[in-house]
Each structure stands twice: as C-alpha cells, then as structure tokens.
Amino acid sequence: MHDIKEIAKDPTAFDEAMRKRGLPQQAQDLIAYYKKIKASISVVEMVQAEHNQRSEKISQTPSDIKDDGNKAMVIKAAKEAKQQITNLKKISEDTKSTMLRKLLELPNVPVADVPEGSDESFNKLIRKDGSPPDFRFKARSHDEIGEMLDAMDFPRAAKVSGARFVVLYDQLARLERALANFMLDVHTREYGYREVQIPVLAEWHTLYGSGHLPKFEEDLFKIGTKERPRYLIPTAETVLTGLHANEILQEEELPLRYVAWSSCFRAEAGAAGKDTRGLIRLHQFSKVELVSYTTPGKSKDEHERMTGCAEEILKRLGLPYRVMLLCSGDMGFSAEKTYDLEVWLAAQKKYREISSCSNCGAFQSRRMNARYKRKGQKGTLFPHALNGSALAVGRTMAALLENYQQSDGTVVLPAVLDPYMGGDLTLLAKS
RNA sequence: GGAGGGUUGGCAGAGUGGUAAUGCAACGGAUUGCUAAUCCGUCUACCCUUAUCGGGUAGCGGGGGUUCAAUUCCCCCACCCUCCGCCA
C-alpha cells in the first residue's frame, strides 16, 4: 500500500515508477480523490461537532424536569442533524473506499537502481560463485536420479494427492530434514535469526498484509467456510511479516530477524506445462524463510546482509550460483528491490531460481499497520520489512542431486551435511 | 461440539445510557543544598490551522444496530478462563 501523502508530494516520481512497472499514469487521479476525501472529512467532522454540542445541551437538562417545549425542540433539531450526518458519512466513506481500492491494486515502487524492463531478460547479473561441474557423462535430471535411488515417488504421490506432489523415502526423506536443519542452524547460530514454528493456515487479513491478497487469490489454496475463508500459505513470509500487524514496536527492538522452516502451498494457476517433472514446481514444498523488520535507514544494508545469509548456504553446500538483480517487470508486487539467487542445475544446464530476497520497504507495514516508535518522540513510523528464502529445500535437493551425481547414478553429498545425514553421505543407486 | 465467566490505558482496576474514577510503574518538565518529597504533564489515527500555539473528530476486543447521546442496551464474530464431551 502506498502513502497517498507521499504520492501527492511527488506525483511525477510515482507515475514514473508505475510506468517502470508497465502501468498507466494515475497520480493525479489519486490525488483528486484524496482531496475529495479530505474535504468531506472536514464537513462531516464539523457537522458532528455541532451535533455533539446539541447532545451535550440535552444532557445538561435535568431529567427530573418534565420536557418543556424548548427541550423537545432541541431534540427535534438533533434528530434532523443526525440524518444529515448519516448521509454525509456515507458519501465520505464511498469516496474513501474508491481510492483505497485503486491504491490496493498498485504494486510497490521500484527503487532507483532497479533496472527497467518487462521480463527476466532485463535482469542484471550481480555476481557468480563456483563453476558448473564438468561431467564426462550425460548428466541425469534429479527426478531420474531420485527414482534410481528408489527414494523419490511421483506416481504414488499423484495417486494420493494428484499431480505436482512428491513422496520421498529413506535417504531423500532424511535429506529434506537434514537440509532444513543445516539451514536453520546457520541462520540461528551464526546470523542471529530467531527460529519460529508457524501455522501454515492463515487468515485473509494476513495475506492481505503481505500483499498476496486481494490481487493474487488464484495462486492460493483456499479452504474454510465462505464466511471465514482461510488460506494455505504460499510462503512463511506471510505469517512472519504478519506477526507484528497492528503493533507498535520500540525502535530499540529493531532489527527483528525471524527464520522459519515451513511447508508452502501454491496453486500455480497458469503454470501448466512448465517444469512438469521433478521437484522444481510443486503444489507443496518446504522452504526456510528469513524475514527482517528494520528502520527505514537500515533496510538497504539489511537487504544485502540477508542476501548474503542465503548465499552462504549455497557456498557451504558447494553449489554454483549467481545473483541476479530483478528488473522492474520481473519483481513481485510488494517488493521495491529484489535479488534472485539462481543455482546451477547440471541436467538442464541452466541457472534456476532457488531464492528470492526482497526489500519491501514500508509497503507491507503500511498494509498491516505495523509501526514503531522512537524514544522521546511523538508519533509512529513504519518499519521496513524484508524477506528472503534461504533456501527452498526441494530445489536445493534437486541441485545437490544433479551437481553431485556420479556416472552410475550414485550421489556423494558435500561433507558439511555429514552431521545431519548421520555420517552417511553416499546415496547409492539401486542396482 | 456444549454450558458458564471474561476482554477497559504500560500494568492493576472501577464504571447499568449523559461523553472513561482511582492506584502503581515508567518517562518528561517544574521546584529543590544533595537524596527524598511535592506539583504539572503523558496514548493512537485523522481533519482544520500551521512558524508555533491551538481547535476538532474517532478509538473501552472487532464489526453492525437502537438512541439526540452507547464502556453501558441489542445482534454477529474473535480471543482468553473454568467445566463437560471428543481427540493426536
């Protein structure tokens, strides 16, 4: 959500930002609505003030005195005024909700260094780490390897749950858990994130706060009753950012850093035909997610730091990756700047997204009314909220299988996972 | 799922239709040989004014209703507590 006052201060900058996002100019439109709202609030309040005075007058008339003509007249006038107030309020509220609806549809403003572009081909390479393995044999895809290990089962997953789910057995089931634990340990012990276990079902207002609703409802699994819909979370970001909705934090509490390992659910409408095999695009997957709240002045540094935390996981796993700065057209709705981490997949011979780290500025805090206060100062400010995957566990598993495979389908995992795999780093293909 | 009791400021705690007592704590200010004590003040959002000062509207878990007027009456919902049932 945008601050209409900020838009009013610099409408040209706002329109320019929307243009980068591929949207039409509308600052003047919004400002006109804002002015209307202000005017009607003034009128309503003035009339209400008069009305309150009348009420007070009535209350001062001793009740044990029988209504004389005077009192009856004051009450009659108050009744008439009430009708007027009711009408004015309705008009005022209609104007307000019209503007709000428009405002809610608009994505966050990209910051200055975000490259302009309509799609991923305009994303900018920031840095690379590691080099893709040079196999002398034809690299197998991770799902092929998984089946050779007799540890990845798509047909049975489809039988019980439908397409785009997976069942893992034995060492791969353990690897899922091992990776999550490894990631959580690094983030909590070394980077100071607070570990959180979260619900994976969230209320409408929570997903509204993160910016996933109302616009992207078709991407979500909706359950519950009509009166009380709830949603399976598409990412732990929704719940972690929502933790402080409607709260006023103290500046000294910031930054707040949270990490959660959770299942994520995506309906992925319109994605049919893409990545239909393997772990890359499932309806359910698990992810270790980082979320930070900072003061506005520190969110840029926090964004770099957070991206570094995610990169560290890839480095320690010895996976080749690159960091991309997303262009305006490829960024998510709530983000003002996003880095994607892309890991090398040896079978596809391509870098594929494995993490997305975004600075959302005050966009989400404003939507969910999360604020902070500075000691000794009046008023409240909106903190900046950031989120990043570190990492998507299924895609990490896919990358490990593909990049550490041997010619016979056996996989030897990197030593850093040794304590998490119970000392058993070799995944043997069945004969 | 059923029955009952609750939700008021940082905390405690009054308030059965007339515009939120009181206590404690913390913070700021005044006063003051020091300490202490005392006195004054304290929230949030928005609107008007704007250099400030100031004025106004709203907020008693959330939403609706009745009323000139709602913390108070009515309806719906959420959460907490006690008990019963069910359950991993």
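Let me start with a definition: a residue is buried if 20 or more other C-beta atoms lie within 10 Å of its own, exposed if 12 or fewer, and partly exposed in between, with C-beta atoms placed from the backbone.

Okay, so what are we looking at? This is a predicted model, where local features need pLDDT of at least 70, side-chain atom pairs count only at pLDDT 80 or more, and totals for chains, interfaces and linings use all residues. Residues are numbered from 1 along each chain as its sequence is written, while chains are lettered from A and ligands numbered from 1 in the order in which they are written.

How confident is the predictor? pLDDT is its confidence in each residue, from 0 to 100. Chain A has a mean pLDDT of 90, and 95% of its residues reach 70 or more. For the model, ipTM is 0.82 and pTM is 0.90.

Now the overall picture. Chain A contains 12 helices and 17 strands; those are DSSP runs numbered from the N terminus, helices being H or I with at least four residues and strands being E with at least two. Along the principal axes, the C-alpha atoms of chain A fill a box of roughly 105 × 45 × 45 Å. Of its 431 residues, 36% count as buried.

On to the RNA. I call a residue near a strand or molecule if its C-beta atom, placed from the backbone, lies within 6 Å of it. Around RNA strand B there are 20 residues, and Ala49, Ser55, Ser59, Ala78 and Thr380 come nearest. Which helix gives the most to this surface? That's helix 3, with 13 residues. Helix 3 (27-60) and helix 4 (69-104) each supply at least two.

Next, the sheet. Strands pair if DSSP finds at least two bridges between them. We have an open sheet of 8 strands, in the order 1-11-12-13-15-10-9-4, with mixed pairing. Strand 1 (124-129) and strand 4 (194-196) stand at the edges with a single partner strand each, so one side of each has no neighbour in the sheet. From one strand to the next, the twist averages 25 degrees.

By contact I mean C-beta atoms, placed from the backbone, within 7 Å; angles run from 0 to 180 degrees between N-to-C directions, with axes fitted to C-alpha atoms, for helices over the stretch in contact. Helix 7 (residues 170-190) lies across strand 4, strand 9, strand 10 (284-294) and strand 15 (384-392), at about 10 degrees to strand 10. Helix 12 (residues 393-403) also packs on the sheet, and its direction makes about 35 degrees with that of strand 12 (337-345).

Finally, our lysine. Lys373 sits in strand 14 (residues 371-373). Buried, exposed or partly exposed? Lys373 counts as partly exposed, because it has 16 C-beta neighbours inside 10 Å. Leaving aside neighbours within four places in sequence, Lys373 is in contact with Ile248, Gln250, Glu251 and Thr380. Ile248 is 125 residues away along the chain, yet its C-alpha atom and that of Lys373 are separated by 6.7 Å.

Technical notes
Contact = placed C-beta atoms within 7 Å. pLDDT = per-residue confidence, 0-100.
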